[in-house]
Every structure is written in structure tokens, then in C-alpha cells.
Amino acid sequence: MVLPRHQPVTEPAPIGHEYCGIVEEVGRAVTSIKPGQFVIGSFFASDNTCPNCQAGYPSSCQHKEFVGGAQASRLRVPLADGTLVATPDVPSDDLIPSLLTLSDVMGTGWFAADAANVKPGTTVAVVGDGAVGLLGVLSAKQMGAERIIAMSRHESRQKLAREFGATEIVTERGDEGVARIKELTKGIGADAVLECVGTQESMMQAIRSTRPGGSVGYVGVPHGVELNGSELFFAHVHLHGGPAPVRRFLPALIDLVWNGKINPGKVFDLTLPLEQVAKGYRAMDERRAIKTLLRP
Ligand SMILES: [Zn+2]
């Protein structure tokens, strides 16, 4: 993943990997995508035909290409037929924030819940209250979770978590956070835990909050996370995660947004013109905004 905080930046480069918009032109080999369509794609371009795509992992496509530089007025998306999914029509303006989230944060939150095996009636814990964690809450709710415990310290994020379906909030972190989850689950742990941060603390918090036989879906890009073999061995938990196969979920998620079933665009609490992009990052960095929407 190419986010400024994930890799040292050595020279100026266009950034951004969440995008949607109107097709202006297509290459000669493109057959299904047409100019004039409104399309959404993932941060990994994929052919949608190779064995890994067929198995549901387009973010491990044999021909995958990272799509960067999306914070721009125009973007070239490779493998357009495989990567892009068109909406039924050109959307009204109010749908655009929600459709934009499908490109990454919503698709990633959905994958966290899918990978954690969230099912109707399950108890879910979500580690991380950024846009992905909040949309993990929304995803777990859609998948029928009975209890959703959001781990969050920020009031505005707790509020949105509740709106998205969280039934309980835990403000403690690390071992104290684990102890609270255990307390809330009769000492057993949650059936499904969504890890949406990527630090050593958050990963251990997720694994230790999961009941034996339960699952962790981890989508936080790891920053120096190391796992202890014996602890993992005795934890008895399923671990599944990685860069979200967003393309797999796009058709179903577009349908949910289009029919007004979900409104993930609520994670955008700041909208700025593209040229004020730096202001948007500052607001997110200082926790004044959950997520910034840039308009060209
Ligand atoms: Zn592929």
C-alpha cells in the first residue's frame, strides 16, 4: 500500500488510491467499459479472470497493478474491463460519497467482517475507529451480527459507530481493552474480531479478544507486527486478512448503496476542493476529521 505514513517519501509523487468518476476515454482493448459510464475501481487493478481473481482474491491478481495518483482531476486505470464496475446509471450527487467509499474503506471494512466470518447472531468486536473500523461496524451489522463492540476513544467516532450498528463501546486499549471484551462476553471472547489498525498492540488486542475457535479479520496494514508462534498455537483462532479483494465486493456493495440500504459516505465529515488536499490530510492527522472527501 502506498500511503504517506506507510513508506518514506523520497520525492514528490501524486498520491491517492480511492476513486470513482465518469469514463472519458477507453483503450482499444477495452470492451465492456464505455465512455460516459460512472465507474468505481479498487486500489489494485485486476484482470478478473486469472485463478486468483476467480478464487475471489483480485488483490492478489496475477496481473495486479497498484492504482495510485488518484487525487487528481484525471486518472488512468489499467485493465479497465477487469477493474472497473459501472453503476446502473450516473448517480445523483448525494450518492457520490457513499460510492467513493466502496473503492477502498467500505470494501476493506466489508472484507474485515467477511474474513472474520461474521454471521447472523454472532458477537463482533472491532479494533480501530478510523473510517475502515467504522465501516467494519456497518458491515458486521449488514451481515447480521447480534452484538457489535466498537473499540473507540473519540466521541464523534463513537457516535458514528453507534449509528452504524455498534451496540457497545469499549474505550480501553491493549490488555485493558482485552479484559473489557472478556468481561462483556462471559470470559470467552468475541466470535469475530475485526483488526483495522495494523500495530503490534492492535493485532494482539484482536487475537486476545477472540474466543477459541473464533476468527480475526485483519485489514490494518502491518507496521512492524510480529506474532509469537506459541501464543498463536494455543490461541486457537483463525487469522485471515490482507489487502482487501475490493473488486469481489463491488457489485453487491454498489447495489446496497444504490438501493439506499447503507450510507457509508457518512464517514466523510470534511469536504474540500482538490487543491486544498493538504488541509484535508492535516485535519485527519490531528483527528479533527474522520475522512476528507476531495472534489475536483
Ligand atoms: Zn486476476
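**Entry 1: Leu 102**

Is Leu 102 buried or exposed? I looked it up first: Leu 102 is buried, with 29 other C-beta atoms within 10 Å. For my own notes, buried means 20 or more other C-beta atoms within 10 Å of a residue's own, exposed means 12 or fewer, and partly exposed is in between, with C-beta atoms placed from the backbone.

Two reminders on the source. I am working from a predicted model, where local features need pLDDT of at least 70, side-chain atom pairs count only at pLDDT 80 or more, and totals for chains, interfaces and linings use all residues. Residues are numbered from 1 along each chain as its sequence is written.

Back to Leu 102, which I found in the loop between helix H3 (96-101) and helix H4 (105-115). Helices (H or I, at least four residues) and strands (E, at least two) are DSSP runs, numbered from the N terminus. Leu 102 touches Ile 40, Gly 107, Leu 250, Leu 253, Ile 254 and Val 257, leaving aside residues up to four places away in sequence; touching means C-beta atoms, placed from the backbone, within 7 Å. I also checked Val 246: its C-alpha atom is 7.7 Å from that of Leu 102, although 144 residues separate the two along the chain.

**Entry 2: Domains**

I noted the division into domain 1 (20-104 + 245-295) and domain 2 (108-241), with bounds from an automatic or database domain assignment. Their C-alpha centres lie 25 Å apart. Domain 1 puts 13 residues into the contact and domain 2 puts in 11 residues. On the domain 1 side, helix H10 (residues 246-258) supplies the largest share, three residues. That side divides into eight nonpolar, one polar and four charged residues. Here Ala, Val, Leu, Ile, Met, Phe, Trp, Tyr, Cys and Pro count as nonpolar, Asp, Glu, Lys and Arg as charged, and the others, Gly among them, as polar.

**Entry 3: Core**

Which residues touch the most other members of the largest nonpolar core? They are Val 124, Val 126 and Val 137, in a core of 76 residues. A nonpolar core is a set of buried Ala, Val, Leu, Ile, Met, Phe, Trp, Tyr and Cys residues joined through C-beta atoms within 7 Å. The contacts of Val 124 include Ala 140, Ile 149 and Leu 194.

**Entry 4**

Four of the five residues of strand S7 (residues 147-151) are buried, so S7 is largely enclosed by the rest of the structure. Strand S6 (residues 123-127) runs parallel to S7, joined by five bridges; strands pair if DSSP finds at least two bridges between them. Ala 125 has Ile 149 as its bridge partner in S7. From S6 I followed the chain through helix H5 (residues 131-142) to S7, a right-handed β-α-β crossover. Right-handed means that, with the strands pointing away from the viewer, the path from the first strand over the helix to the second runs clockwise.

On S10 (residues 210-218), seven of the nine residues are buried, so this strand too is largely enclosed by the rest of the structure. Strand S9 (residues 190-195) runs parallel to S10 with five bridges, and Leu 194 has Gly 217 as its partner. S10 also pairs in the parallel sense with strand S11 (residues 238-241) over four bridges, where Ser 215 stands opposite His 238.

Terms used:
Two residues are in contact if their C-beta atoms, placed from the backbone, lie within 7 Å.
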